Amino acid sequence: MTDALHRPPVVTRISDLIGRTPLFELARADNGARLLLKLEMFNPTGSAKIRMARQMVLDAERRGDLRHGGHIIESTSGNTGLGLAVVAAERGYRFTAVVDSHAAADKLRAMKAMGTELVHVDEDTDGEELHTAAREELAEQMAKGKDNTFFTEQHNNPSNAVGYYAVGREIARALDNRVDVLVGAVGTGGGLCGTALELRKHVPGVTVVGVEPKGSIAFGPPAHDYYQSGTGTPEGATIGLLVDYDLIDEGVKVGDIEAFATARVVARRTGLLIGGSAGGVVHDALTRLRTLPPDAVMVAFVNDGGEKYMDTVFNDEWMNARGLIDEAVEAEIDETLAKLRRN
């Protein structure tokens, strides 16, 4: 019976492998408080965003917005596009991703390998916020008035949040409803808020902490450019409808230097590669771990792995060229993690 329970599944679609991602104990404080990472890189495409990509397509089909042979269009910095590329390929849709120079090259190559049409916005625009606005505008224009063509519009699509309900259920089930704090990045808002909404059905008292890059505006100014990709709300972009402030107990900001330093230290200390924005989430979680009550359980939502950031976060030349390496910051994080992993 035990062998049967652990037998790998046989599936007919790659999207059938979504979910049931593991929890990894990264650190434990002297009082027994634990930090667990929900490792979403174990999904196909190595990211949580395939969860909501599938949900947006399934719901569009149910409404009749997508029919056989239809066309999906989305503005994406990478991970959502990868998820939509998988779903489009397996369900027979054409997919166009509107992208810009901020997307990781490996993500663009992977989308193209799955048959995605890549459309680049005007590279003459300056700044993260202008690229994001230009992408959204172009994607909307490309879909407008065309039959059997659907702009998934991830920032304002309710299906985005619905796609993450399963994460909340998975966390509650794995921990027997014992979760005190949930920490996650806030980009579209769907990942953290969708997870939190469902988790609170099982654990009503869980504290929810949203993390965005310094320079993002979801939790207020000041605004400026940042290098953490796939997260935050740049100046000039509209905060998504899925950012539900009633569900978020605390909003914090983590700078690029601290976020990337954390990702690099975690890799060296544990062998686990996490993405740059996930580094921001883990940085905040490590900071607050020692403030938690005895035996508290904190879960950090790790959206994706670090394999897609070999040319950026884990590339010393790229990091140094942008002034993103601070040896003192890395040393401090390394010391913190070393102490918390010994307990």
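This is a predicted model: local features need pLDDT of at least 70, side-chain atom pairs count only at pLDDT 80 or more; totals for chains, interfaces and linings use all residues.
Local features are taken at pLDDT of at least 70 and side-chain atom pairs only at pLDDT 80 or more, while totals for chains, interfaces and linings use all residues. Residues are numbered from 1 along each chain as its sequence is written, and side-chain values use heavy atoms, with hydrogens and water left out.

**View A. R34 and E25 form a salt bridge.** The structure holds 24 salt bridges, a salt bridge being a side-chain nitrogen of Lys or Arg within 4 Å of a carboxyl oxygen of Asp or Glu. In this pair, the closest N and O atoms are 2.9 Å apart. R34 has a relative accessibility of 25% and counts as partly exposed, a term for values between buried (under 20% relative accessible area) and exposed (over 50%), with a 1.4 Å probe and protein chains only. E25 is also partly exposed, at 28%.

**View B. R63 is joined to D65 by a salt bridge.** Here the closest N and O atoms lie 2.8 Å apart. R63 is partly exposed at 46% relative accessibility, and D65 is partly exposed with a relative accessible area of 31%.

**View C. R109 and D106 form a salt bridge within helix α4.** The closest N and O atoms of this pair are 2.3 Å apart. Because R109 and D106 are three residues apart in helix α4 (residues 105-113), about one helical turn separates them; helices are DSSP runs of H or I with at least four residues, numbered from the N terminus. R109 is partly exposed at 49%, and D106 is partly exposed at 30%.

**View D. K38, E40, R51 and E170 belong to one network.** These residues are joined by salt bridges that share partners.

How values were computed:
Helices (H or I, at least four residues) and strands (E, at least two) are DSSP runs, numbered from the N terminus.
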